[in-house]
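Open the model in your viewer and keep the selection panel at hand. The tour begins with the chain as a whole and then moves to the ligand.

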Amino acid sequence: MSAVGIYGGTFDPIHLGHLHVITQLLQRDIIGHLLIVPAGQPLLRADAPVATGAQRRAMCQLAIESLPADLRSRVEVNPIEILREGPSYAIDTVDAVAATYPDAQIVLFVGSDAYANIDKWHRVEELKNKCRIIVIERPGYSFEGLDISALDISATQIREGSSNQIPQSVAHYIKENGLYASAK
Ligand code: ATP
């Protein structure tokens, strides 16, 4: 069986920069199948996501529906971290995915901004032994990684209303649900 990828993030909201990453990873056949894993809702944290886990999951689902059929069939949104109680650690997600795909190599994709903090991750040495970690280069961050000609788009820009680089269906969802700048 070919490799299974895990692409995690807050996805508050998912944007065209993320979809570009997803498209590139699939088109380059770095993995056979890709799981999009929105992070859980951390309690009592200053940087908690604006949208709920259920809303971020729904937006990820809408976004992947906009992919061409051949790529769409190789991606799914996995709610494991959203449904999990307590803090979400990458290692728990990797363990759960490995249990579902016992014969597959697990590849964890991390943006260069997130990778800069990897030494602080829970049980990171074990994590590195259990999966392959591929760092994706991101404009504005110095770490060398997989060059996919990433787009300079962030969820922060979308929340602030300074960028509209999101699929139409996600824009519609944001408006309908009064999220982010559309709430003002
Ligand atoms: P925020 O602006 O809220 O910090 P974000 O745009 O960084 O959000 P996340 O949901 O935190 O989005 O990102 C999920 C993963 O995707 C992370 O690994 C991040 O590094 C990566 N990523 C985010 N935006 C891009 C982009 N434009 N190009 C490549 N990778 C990206």
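Of its 184 residues, 43% are buried. Keep in mind that this is a predicted model.

**Stop 1: the fold**

Switch to cartoon. The protein chain has 9 helices and 5 strands. Draw a box along the principal axes: the C-alpha atoms fill roughly 45 × 40 × 35 Å.

**Stop 2: the shell around the ligand**

How many residues surround the ligand? The count is 20, and the closest are Tyr7, Asp113, Arg138, Leu151 and Thr156. Colour this shell by class. You get 8 nonpolar, 9 polar and 3 charged residues.

Which elements supply at least two residues each to the shell? Highlight the strands β1 (4-9) and β4 (106-111), then the helices α1 (16-27) and α8 (155-160); each of these four does.

**Stop 3**

Zoom in and show distances. Begin with histidine 15. One of its polar side-chain atoms sits 3.0 Å from a ligand oxygen. Next, pick isoleucine 153. Here the backbone takes part: an N or O atom lies 2.9 Å from a nitrogen of the ligand. Finish at alanine 155, where a polar backbone atom is 2.7 Å from a ligand oxygen.

On its own, the ligand has 600 Å² of accessible area, and the protein covers 87% of that.

**Stop 4: the aromatic pair**

The search returns 1. Select tyrosine 7 and phenylalanine 11 to see this pair. Why does the pair count as edge-to-face? The ring planes meet at 75°, over the 60 degrees required. The ring centres are 5.5 Å apart, inside the 6.5 Å limit for a pair.

Are these two residues buried or exposed? Tyrosine 7 is buried, at 8% relative accessible area. Phenylalanine 11 is buried too, with 2%. Both values fall under the 20% cut-off.

Bring the ligand back before you leave. Tyr7 of the aromatic pair is also listed among the closest residues to the ligand.

Technical notes. Residues are numbered from 1 along each chain as its sequence is written. This is a predicted model: local features need pLDDT of at least 70, side-chain atom pairs count only at pLDDT 80 or more; totals for chains, interfaces and linings use all residues. Side-chain values use heavy atoms; hydrogens and water are left out. A residue is near a molecule or strand if one of its heavy atoms lies within 4 Å of it. A polar contact is a pair of N or O atoms within 3.5 Å; within protein, one must be able to donate a hydrogen and the other to accept it, and residues adjacent in sequence count only if both atoms are side-chain atoms. Accessible areas come from the Shrake-Rupley method with a 1.4 Å probe; for residues, only the protein chains shown count as cover. Ala, Val, Leu, Ile, Met, Phe, Trp, Tyr, Cys and Pro count as nonpolar, Asp, Glu, Lys and Arg as charged, and the others, Gly among them, as polar. Rings of Phe, Tyr and Trp (its six-membered ring) pair if their centres lie within 6.5 Å; planes under 30 degrees apart count as stacked, over 60 as edge-to-face and the rest as tilted. Buried means under 20% relative accessible area, exposed over 50%, partly exposed in between (1.4 Å probe, protein chains only).
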